[in-house]
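Welcome! Please take a moment with the sequence and the 3D view before reading on.

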Amino acid sequence: MGPGDASDPALNDVDVIRVRGDARLAGTVHVVGAKNSALKLMAAALLAPGRSLITNVPRITDIAIMGEVLRRLGCGVRFGPDDPVDPMVAHGGVERSRSVLIDVPERPGAEADYDLVRRLRASICVLGPLLARRGYVRVAHPGGDAIGSRGLDMHIAGLARMGAEISGEHGFVIAEAPDGLHGADIVLDFPSVGATENLVMAAVLARGGTTIDNAAREPEIVDICTMLNRMGARIEGAGTSTLHIVGVPELRPVRHAAVGDRIVAGTWAFAAAMTRGDVTVTGLDPAYLEVALDKLVAAGGLVETRGDAFRVRMDDRPRAVDVVTLPYPGFATDLLPMAIGLAAVSDGGSLITENIFDGRFMFANEMMRLGAEIRTDGHHALVCGRERLSGAPVRATDIRAGAGLIIAGLCADGLTEVSHVHHVDRGYPDFVADLLALGVEVERGTAPEEPDLAI
Ligand code: EPU
């Protein structure tokens with residue numbers, strides 16, 4: 001019997017999470033550092049030879065893969081306990097966050113292969129720092145994924161303006177700047193998070209000044225700019241649409257704690273509202289979720305904020321609200337599955353508009369298996385709320401769709417089994433333990449892989 005043989009059940013099992021519906025979430029949950037910050041902070045460490053320490057790093061698969069990317073580039077990478085260990089972070093003996101010590105050589109490698117880039121699209125964020133350090137980089141093209149086509153044109157055009165020669169062959173992006181990069185005035189077509197990060201990381205070591213207009217303004221951008229400035233970079237304007245960067249000859253290693261994860265925090269906020277529960281979330285400045293929390297208030301929820309914590313309580317059935325995703329500070333696309341879940345159990349019809357990824361509604365079919373009434377047309381979805389969904393086996397197609405389906409299952413009759421939950425492990429440190437702590441009947445297990453439907 002060979003690997004992948006259909007008659008070998010063990011080889012074809014997939015991880016599943018089963019939740020019992022009619023749940024009401026109540027209690028406190030702590031969020032650790034943001035995946036989408038920590039990944040980039042790890043790449044930013046490449047900019048200075050020596051040992052950088054990043055703390056509040058979430059214990060998730062994507063971070064482990066990023067560690068592997070850095071190891072293959074010649075870095076020493078050691079994960080350890082978070083420092084200082086925050087007692088809030090450890091639940092039931094499971095640590096949600098770690099520190100990572102990255103020892104960067106004088107001359108890091110310059111290649112990232114497809115086997116890693118295909119497992120972690122964010123590996124593309126080594127492009128900017130390696131080009132700045134080495135003057136040459138060869139990174140596999142990540143291609144599209146389950147939320148849509150994901151271009152690199154803005155990354156490439158920006159680096160070209162800074163003097164890089166970019167070519168592509170055999171599925172790789174190759175960027176060369178043998179005489180180093182120079183500063184440039186760059187206007188992004190769209191405030192792309194990844195392009196802004198790559199260009200900032202390239203510009204900090206370039207000759208002269210760079211301006212990036214229409215830059216992304218996400219808290220994760222502010223976080224990476226804060227870390228880079230502490231390494232000796234000169235970046236102004238983080239958190240606004242215009243970044244000014246004056247290149248410096250070299251940077252020094254640093255110690256830095258990742259900003260809290262607003263998407264994980266937002267997931268719990270929506271789960272509280274959908275289950276008419278009462279949940280307090282700690283570990284994040286609630287200002288980073290302002291638009292999302294305002295939506296929950298419009299839906300009839302009570303939201304209290306205090307320091308680095310907020311509480312969401314929903315006593316009655318939520319009222320339908322419309323949602324439009326936009327770059328930060330707009331409503332985050334990564335919370336779209338949660339917005340659809342809320343709409344699916346709200347009183348009335350909601351119009352949900354997705355403006356960032358063309359394939360984000362692909363998971364709506366799975367939500368419809370739970371009884372959600374959804375009609376999609378292009379980048380709009382019309383959702384007609386029902387009092388209760390209906391438990392069913394469904395499949396996670398990406399990180400956020402997986403989390404959205406699990407919390408939708410909490411509002412269903414009976415049992416919901418979400419398969420392919422390895423996607424959820426990519427972004428949520430220990431989803432099951434958090435659900436248990438909030439009072440949900442939940443278990444993790446395996447189930448035989450179902451064959452894809454024939455066309
Ligand atoms: N785009 C282009 N050309 C480019 C760059 C982007 O066309 O050169 C397009 C993309 O195809 C997409 C849109 O612009 O349609 C936005 O892409 P952006 O570059 O802003 O996103 P990203 O950097 O690829 C990050 C997060 C995503 C999050 C988006 C938007 C990481 C690792 N990923 O992606 O997070 O949805 O920003 O906020 O930071 C997730 O965590 O589940 C996730 C998908």
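This is a predicted model: local features need pLDDT of at least 70, side-chain atom pairs count only at pLDDT 80 or more; totals for chains, interfaces and linings use all residues.

Around the ligand stand 24 residues, and the closest are Lys 40, Asp 153, Ser 192, Asp 334 and Ile 356. Sorted by class, this shell contains nine nonpolar, seven polar and eight charged residues.

Four helices each supply at least two residues of the shell: helix H1 (35–44), helix H5 (153–161), helix H6 (193–203) and helix H12 (399–409).

Now look at some of the contacts in detail. The side chain of Ser 192 has an N or O atom 2.6 Å from an oxygen atom of the ligand. At Val 193, a backbone N or O atom lies 2.8 Å from a ligand oxygen atom. Asp 334 brings a polar side-chain atom to 2.7 Å from an oxygen atom of the ligand. As for the ligand's surface, the protein covers 86% of the 830 Å² of accessible area that the ligand has on its own.

You will find Ser 192 in the loop between strand S12 (185–187) and H6. Is this residue buried or exposed? The relative accessible area of Ser 192 is 13%, and buried means under 20%, so Ser 192 is buried.

Next come the aromatic rings. The structure holds three aromatic pairs. In one of them, Phe 270 and Phe 331 have ring centres 5.9 Å apart and planes at 85°. Planes over 60 degrees apart count as edge-to-face, so this pair is edge-to-face. The pair links distant parts of the chain, 61 residues apart: Phe 270 sits in helix H8 (residues 262–274), and Phe 331 is in the loop between strand S20 (323–324) and helix H10 (336–344). Phe 270 and Phe 331 are both buried.

Tyr 428 and Phe 431 make another edge-to-face pair, with 4.9 Å from centre to centre and 70° between the planes. Tyr 428 and Phe 431 are buried as well. Together with Trp 268, Tyr 428 and Phe 431 form one aromatic cluster.

Arg 18 belongs to strand S1 (residues 13–20). With a relative accessible area of 18%, Arg 18 is buried. Which side chains does Arg 18 meet in polar contacts? One partner is Glu 417, whose side chain is joined to that of Arg 18 by a polar contact of 2.7 Å. Another is Glu 443, where the polar contact between the side chains is 2.8 Å.

Finally, turn to Ile 212, in strand S13 (residues 209–213). Ile 212 is buried too, with a relative accessible area of 0%. From Ile 212 to His 422 there are 210 residues in sequence and 36 Å in space, C-alpha to C-alpha.

Technical notes. Residues are numbered from 1 along each chain as its sequence is written. Side-chain values use heavy atoms; hydrogens and water are left out. A residue is near a molecule or strand if one of its heavy atoms lies within 4 Å of it. A polar contact is a pair of N or O atoms within 3.5 Å; within protein, one must be able to donate a hydrogen and the other to accept it, and residues adjacent in sequence count only if both atoms are side-chain atoms. Accessible areas come from the Shrake-Rupley method with a 1.4 Å probe; for residues, only the protein chains shown count as cover. Ala, Val, Leu, Ile, Met, Phe, Trp, Tyr, Cys and Pro count as nonpolar, Asp, Glu, Lys and Arg as charged, and the others, Gly among them, as polar. Rings of Phe, Tyr and Trp (its six-membered ring) pair if their centres lie within 6.5 Å; planes under 30 degrees apart count as stacked, over 60 as edge-to-face and the rest as tilted. Buried means under 20% relative accessible area, exposed over 50%, partly exposed in between (1.4 Å probe, protein chains only).
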